[in-house]
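User: Could you walk me through how to read a few features in this structure? I'd like the general idea each time, and then the case at hand.

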Amino acid sequence: MRFDSHIERLLTASSRLVNRLTPGLDGGRPIVVPTGTALSAAVGEALTFDGRTPSVPSAGAQVVVGIVPDVRRVFEAASDGDITRAAQLTNDLLGRTGARPQLNPDPDGTWHLHFHGASNHFGPGWAAGLAAGLTMALGVDEIGRLGVCSADRCDRVYVDSSRNGTRQFCSTRCQNRMKAAAHRARQK
Ligand SMILES: [Zn+2]
């Protein structure tokens, strides 16, 4: 994948949030969207990296949750190959979240690109980061890396980090399910 690890994290966070917080089906199982404290916990889980789970204030969770339906629409447009729509949705997210680029220093003296939101509070910061991740995926023509599961009775999303970019399913569970179904169809 041509994304650097920062962008890849933002995209991974986007796909986790969409999969946990938008209604639909996960391999035939209906999604139960959490509310209240369970919602904050789910957001924290989706934003866990290197074993570190952030504690999510409920106001912050609401800000992040507020953009998740549009993040999902970007994955759907990408999956349909509708780049214009994906770009328009992403530009709208950039405007709404007030995302602004900033260079942050690394310990080795180099600088890397980060995005901040309208404020540095948890919710606005992450919302802007998610929008920025999508922007960078589209801006380097890697929109094809975002997809919606093509298995039956599933609409969860994924970020394809395979070398040749041929991923079709959200999980190995869906992949195995479809493989088994194809196998059964051949037996008939
Ligand atoms: Zn799936």
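Predicted model: local features only at pLDDT ≥ 70, side-chain atom pairs only at ≥ 80, totals over all residues.

User: How do I describe two packed helices, and at what angle do α3 and α4 pack?

Analyst: Two packed helices are described by the angle between their axes and the distance between the axes. Axes are lines fitted to C-alpha atoms, for helices over the stretch in contact, and angles run from 0 to 180 degrees between N-to-C directions. Helices (H or I, at least four residues) and strands (E, at least two) are DSSP runs, numbered from the N terminus. Here α3 (residues 58–79) and α4 (residues 83–97) pack at about 160°, and their axes are 8 Å apart. That makes α3 roughly antiparallel to α4 (under 35 degrees is roughly parallel, over 145 roughly antiparallel, 65 to 115 roughly perpendicular, the rest oblique).

User: Which residues in α3 and α4 meet?

Analyst: Contact means heavy atoms within 4.5 Å. On the α3 side, the residues include Gly66, Ile67, Asp70 and Arg73, and on the α4 side they include Leu89, Asp92, Leu93 and Arg96. By class, this contact has 8 nonpolar, 3 polar and 5 charged residues (Ala, Val, Leu, Ile, Met, Phe, Trp, Tyr, Cys and Pro count as nonpolar, Asp, Glu, Lys and Arg as charged, and the others, Gly among them, as polar). Asp70, Arg73, Asp92 and Arg96 are also linked in a network of salt bridges.

User: Is Ser14 buried or exposed?

Analyst: Buried means under 20% relative accessible area, exposed over 50%, and partly exposed in between (1.4 Å probe, protein chains only). Ser14, in helix α1 (residues 5–21), counts as buried at 1% relative accessibility. Leaving aside residues up to four places away in sequence, Ser14 touches Val71, Phe75 and Leu130.

User: How many salt bridges does the structure hold?

Analyst: Side chains of opposite charge can pair when their charged atoms come close. A salt bridge is a side-chain nitrogen of Lys or Arg within 4 Å of a carboxyl oxygen of Asp or Glu. The structure holds 8 of them. One joins Asp50 and Arg9, at 2.7 Å from N to O. This pair links distant parts of the chain, 41 residues apart, with Asp50 in the loop between α2 (36–46) and α3, and Arg9 in helix α1. Arg9 is partly exposed at 33%.

User: What does Arg173 form a salt bridge with?

Analyst: Its partner is Asp26, with the closest N and O atoms 3.4 Å apart. Arg173 lies in helix α6 (residues 172–187) and Asp26 in strand β1 (residues 25–26), so the pair ties together parts 147 residues apart in sequence. Another bridge joins Arg156 and Asp155 at 2.7 Å, N to O; Arg156 is buried, with a relative accessible area of 2%, whereas Asp155 is partly exposed at 22%.

Notes
Residues numbered from 1 in each chain as written. Heavy atoms only, no water.
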